[in-house]
Amino acid sequence: MKDILDAIQSPDSTSADFAALPLPESYRAITVHKDETEMFAGLETRDKDPRKSIHLDDVALPELGPGEALVAVMASSVNYNSVWTSIFEPLSTFGFLERYGRLSELTKRHDLPYHIIGSDLAGVVLRTGPGVNSWKPGDEVVAHCLSVELESSDGHNDTMLDPEQRIWGFETNFGGLAEIALVKSNQLMPKPGHLSWEEAAAPGLVNSTAYRQLVSRNGAGMKQGDNVLIWGASGGLGSYATQFALAGGANPICVVSSPQKAEICRSMGAEAIIDRNAEGYKFWKDESTQDPKEWKRFGKRIREFTGGEDIDIVFEHPGRETFGASVFVTRKGGTITTCASTSGYMHEYDNRYLWMSLKRIIGSHFANYREAWEANRLIAKGKIHPTLSKVYSLEETGQAAFDVHRNLHQGKVGVLCLAPEEGLGVRDEEMRAKHIDAINRFRNI
Ligand SMILES: C/C=C/C(=O)SCCNC(=O)CCNC(=O)[C@H](O)C(C)(C)COP(=O)(O)OP(=O)(O)OC[C@H]1O[C@@H](n2cnc3c(N)ncnc32)[C@H](O)[C@@H]1OP(=O)(O)O
Ligand SMILES: NC(=O)C1=CN([C@@H]2O[C@H](COP(=O)(O)OP(=O)(O)OC[C@H]3O[C@@H](n4cnc5c(N)ncnc54)[C@H](OP(=O)(O)O)[C@@H]3O)[C@@H](O)[C@H]2O)C=CC1
């Protein structure tokens with residue numbers, strides 16, 4: 001591994017040098033174990049501790065197949081899907097690996113007693129499999145997390161609709177929280193040159209998801225002037241949704257849970273900010289009864305910010321806790337777009353407000369190939385910036401996932417894999433200098 005790192009850090013290394021490097025038989029990777037999926041049985045979700053289920057193991061290097069690439073991972077990031085994996089909710093991800101393993105001789109590799117997790121990476125291509133022409137050893141890349149087989153016409157217009165659509169590092173093995181990762185080569189995209197490894201690894205999953213959910217015509221198709229209600233506006237998804245709203249001329253109404261998070265949103269340029277904690281919204285009277293008076297109080301607060309207008313688009317992901325309020329505060333003809341249910345997936349809302357006011361609910365999930373590429377392009381052009389707050393070592397990944405599970409973090413949490421320290425990998429200092437304040441906005445808060 002040392003030779004690989006030396007080659008990455010030497011400005012003189014050529015593609016031929018990388019191609020000639022011997023690959024190790026094993027590497028260090030963050031895993032969960034199949035024989036531990038019941039370890040949290042009987043505990044409340046909140047009490048399931050990723051630090052107990054997440055391991056750092058030596059694992060065997062997988063065989064490289066056609067259309068694939070092995071990438072030396074310099075940095076990765078923690079996504080909430082790794083939290084779900086580590087607490088084995090809503091189900092164990094080993095079921096996904098077993099199902100994928102049944103697909104073909106080649107996919108059998110994924111069905112292992114350990115799951116190497118992680119759905120983001122920034123690093124350097126080490127090897128490409130047969131049929132890969134666009135990428136070569138030595139290329140500096142990031143990877144998006146859409147894995148598709150593309151054998152069915154169902155996915156040919158929109159790759160997210162492929163019946164064999166999977167999230168790499170969640171529904172496949174050999175993910176990015178590791179020293180080496182296995183990806184399909186069409187997951188690869190150029191690493192933005194003005195960012196360090198850990199900064200480049202931060203946006204991928206959440207930026208692409210927010211792009212489809214909010215901007216793309218497959219999602220809400222946001223336009224200039226739209227009032228966009230953004231839950232968790234300084235979190236992983238929300239910190240990108242807020243940037244998209246501001247960059248696209250919309251009017252974000254940011255919901256957060258502390259003055260510190262409100263300040264982050266303000267520093268991004270948002271003006272309408274609701275601290276849900278300080279204002280004490282209680283959308284549920286008890287476990288099974290919502291309180292429409294609280295929906296109304298919330299809606300009135302939004303109207304104070306908008307001069308009486310209601311919401312064009314709700315950017316939803318908290319789910320059960322907020323969904324009733326989200327449907328209520330949406331304007332006639334408006335859109336609720338949802339990609340998750342962090343607080344519970346059995347939603348309840350008053351359907352009269354949906355049908356009588358001709359509102360729409362749109363389900364959205366990650367992003368298709370093109371959307372992921374466009375989202376990365378916006379990062380590379382300095383239109384949207386990483387929201388990296390804290391960076392952990394690979395050994396500390398359990399703690400990083402714990403922070404995200406307990407909502408102790410801001411924006412995105414990074415993980416150094418092969419990179420020995422932060423700040424390496426920047427190739428375009430001039431562009432970096434132009435955007436340095438925005439790049440550092442979330443750091444160390
Ligand atoms: C990018 C980052 C993203 C995120 O972070 S997202 C957040 C994390 N992700 C999650 O929390 C999602 C985790 N996944 C799941 O919970 C499950 O993955 C799903 C609920 C999405 C799906 O459940 P499943 O059991 O895997 O699949 P089924 O489609 O329900 O299949 C079960 C059986 O039901 C049959 N079936 C499906 N649709 C129909 C239908 N319309 N009519 C009749 N049967 C149907 C199937 O065929 C199959 O059957 P047979 O078991 O015999 O093979
Ligand atoms: N389908 C897809 O493609 C994707 C789905 N996801 C899913 O989306 C969800 C959020 O992911 P991500 O943004 O990365 O996570 P983060 O934890 O980084 O951010 C979520 C934010 O939501 C807010 N929040 C959490 N719980 C509640 C609640 N009960 N009510 C109101 N607000 C709440 C918090 O902000 P605050 O406390 O400041 O209000 C929190 O910071 C996860 O469930 C994840 O699995 C993520 C990416 C892609």
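Which residues lie around ligand 1?

## Ligand 1

In this predicted model, the residues around ligand 1 are Asn81, Trp84, Pro90, Leu91, Phe96, Arg99, Ile167, Phe170, Leu205 and His365. By class, seven of the shell residues are nonpolar, two are polar and one is charged. Helices H4 and H5 (94-101) each contribute at least two residues to this shell.

Arg99 places a polar side-chain atom 3.1 Å from an oxygen atom of ligand 1. On its own, ligand 1 has 1100 Å² of accessible area, and the protein covers 34% of it.

## Shell of ligand 2

Ligand 2 is surrounded by 25 residues, and the closest are Leu237, Ser257, Arg276, Phe366 and His409. The shell comprises ten nonpolar, twelve polar and three charged residues.

The side chain of Trp84 has a polar atom 2.9 Å from an oxygen of ligand 2, and a polar backbone atom of Gly236 is 2.8 Å from an oxygen of ligand 2. On the nitrogen side, an N or O atom in the side chain of His365 is 2.8 Å from a nitrogen atom of ligand 2.

Ligand 2 exposes 910 Å² when taken alone, and the protein buries 90% of that area. Two or more shell residues come from each of the helices H4 (80-87), H7 (204-215), H8 (236-247) and H11 (320-329). H7 gives the largest share, three residues.

## Residues listed for both ligands

Trp84 is among the residues around ligand 1 and also has the polar side-chain atom 2.9 Å from an oxygen of ligand 2. His365 is likewise in the list for ligand 1, and its side chain makes the 2.8 Å approach to a nitrogen atom of ligand 2.

Key: Residues numbered from 1 in each chain as written. Chains lettered and ligands numbered in written order. Predicted model: local features only at pLDDT ≥ 70, side-chain atom pairs only at ≥ 80, totals over all residues. Heavy atoms only, no water. Near = heavy atom within 4 Å. Polar contact = N/O pair within 3.5 Å; in protein donor to acceptor, adjacent residues only side chain to side chain. Areas by Shrake-Rupley, 256 points an atom, 1.4 Å probe, with all protein chains shown as cover. Helix = DSSP H or I, 4+ residues; strand = E, 2+ residues; numbered from the N terminus. Nonpolar A, V, L, I, M, F, W, Y, C, P; charged D, E, K, R; others polar.
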